[in-house]
Amino acid sequence: MDDSAHLAVIRLRIISPSNQAPYTLEELARLGGVSPALVQRYLDEGLLEAIAGNVRTSWFFDDSTLFELRKIQRLRRELGVNIAGVGVIRELQRQIDELKSELDASRQTRSR
Amino acid sequence: MAVKFRDYYEVLGVPRGASEDDIRKAFRKLARQYHPDVAKDKKGAEDKFKEINEAYEVLSDPEKRKKYDQLGANWKQGAEFRPPPGWQNMRGQPFKGGQADGDFETHFGGTGFSDFFESLFGGARRQRGGFGGLAEDEPFAGRGRDVEGDIMVTLEEALRGSVRPINVQRGVPCEHCGGSGMRGQHACNVCGGTGHVTKADTYQVRIPAGVTDGQRLRIAGRGGAGMGGGAAGDLFLRVRLAKHPDFEIDGPNLVHEIEVAPWEAVLGTQVRVPTLEGPVSIKVPPGTQNEQRLRVRGRGLPQRGGTRGDLLVGVRVEVPKEVNESERSLWEQLARESKFNPRS
């Protein structure tokens, strides 16, 4: 008997990541739900970085920048953290992430 | 409709007579502890964080607190509650905006408040505070939370692109009770009265060619459900490059190690090395030193802008541990005749 006749075939939908990136400063602001002036301020404060371009009109951003922008907004809106505080928190969170992946890597090596 | 009573004082862990300062302190402390970006148990923390915010929303506002206190002290957390007769809810009343120093008033955008809250203060949410004259756009109120996850990608997939199944858990409104948490007189038995359930979705995600380690892929609208007609959040997947048996990753470059014999290092040789596109033959030039790196251009990892890193071939000179008679005499002859002195 052909077993395959009894196996249900489930086709999963293929979803694609957004392919609108890179974004201009205005597009980034719109996707982040903030004003372009606020994005500009975060750039001036060093909280965000452009992936390309060295003058405002040629700046470009990707989804990593958008992710960062939304993180910043969440910390400000939900915890009332000020801009300087956001910078410190994000830096510490990045360091924790790095330490975690180093720890994972060394655990993997040890268990081998 | 009966809803579950919420003891906001208990949620914040303050006595009923607590001062505004004490309430703010308790809230700040708990909010820091349970903020989903900070807490270890993200899912549990999110529910707790919502609860804390709701409690603070009521207790930090003198009018709402007064209204709430009128209910009396005899209610227990989780008891079935109906608004008393003649209770007028505070729908549409103005609320204070941002604090005087221009900082944000803490406000948990995009979060559902409980039905208990809605039955007392329905529609009366705190206005978003202004910030230094830089207004935020309003469509973000009620927007669902972004969901984060990691996605493991092999080096071959990063180079060529692929399709990968992923599992995503996210909170969605409970379909059984329409997100209200109640079925008739009783708490919904599907969501346990919370109004939302965790749904696991399996998707196939297209990984574009050229992804880099740590890059975020955004899949629009696949995050947490929005509230009150708000848009759903996005799903952000962080690309993690998986370990490869043949290569180490060094920034944009791949590193592969080969061993050569001393005479190969001196005289030069051809060696086959693996690349992501299959093996290639490379030339080890005469006089290659131990730990020298040979560069195979353009065979590393794809980079932003379409360029590629290099494959670095690390050369290790291996010395034979044992030699036979004739080999020994050849080494001895070399030792006699060679002018090479590494310590000169």
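Modeller: Start with angles. Under 35 degrees counts as roughly parallel, over 145 as roughly antiparallel, 65 to 115 as roughly perpendicular, and the rest as oblique. This is a predicted model: local features need pLDDT of at least 70, side-chain atom pairs count only at pLDDT 80 or more, and totals for chains, interfaces and linings use all residues. Residues are numbered from 1 along each chain as its sequence is written, while chains are lettered from A and ligands numbered from 1 in the order written.

Colleague: Why are α3(A) and α4(A) called oblique?

Modeller: Helix α3 (residues 63-79) and helix α4 (residues 83-111) of chain A pack at about 120 degrees, axes 10 Å apart. Angles run from 0 to 180 degrees between N-to-C directions. The two helices are therefore oblique to each other.

Colleague: What makes the contact of α3(A) with α4(A)?

Modeller: Contact means C-beta atoms, placed from the backbone, within 7 Å. Lys71(A), Ile72(A), Leu75(A) and Arg76(A) of α3(A) meet Val86(A), Ile89(A) and Arg90(A) of α4(A). Four of the contact residues are nonpolar, none polar and three charged.

Colleague: What makes β3 and β8 of chain B edge strands?

Modeller: The open sheet has three strands in the order β3-β9-β8 (chain B), with mixed pairing. Strands β3 (147-153) and β8 (216-219) each pair on one side only. The twist averages 30 degrees from one strand to the next.

Colleague: How do you know that β3(B) pairs with β9 of chain B?

Modeller: Pairing takes at least two bridges found by DSSP. Seven bridges join β3(B) to β9 (residues 235-241) of chain B, and the two run parallel. Asp150(B) stands opposite Arg238(B) in β9(B).

How values were computed: Helix = DSSP H or I, 4+ residues; strand = E, 2+ residues; numbered from the N terminus. Contact = placed C-beta atoms within 7 Å. Nonpolar A, V, L, I, M, F, W, Y, C, P; charged D, E, K, R; others polar.
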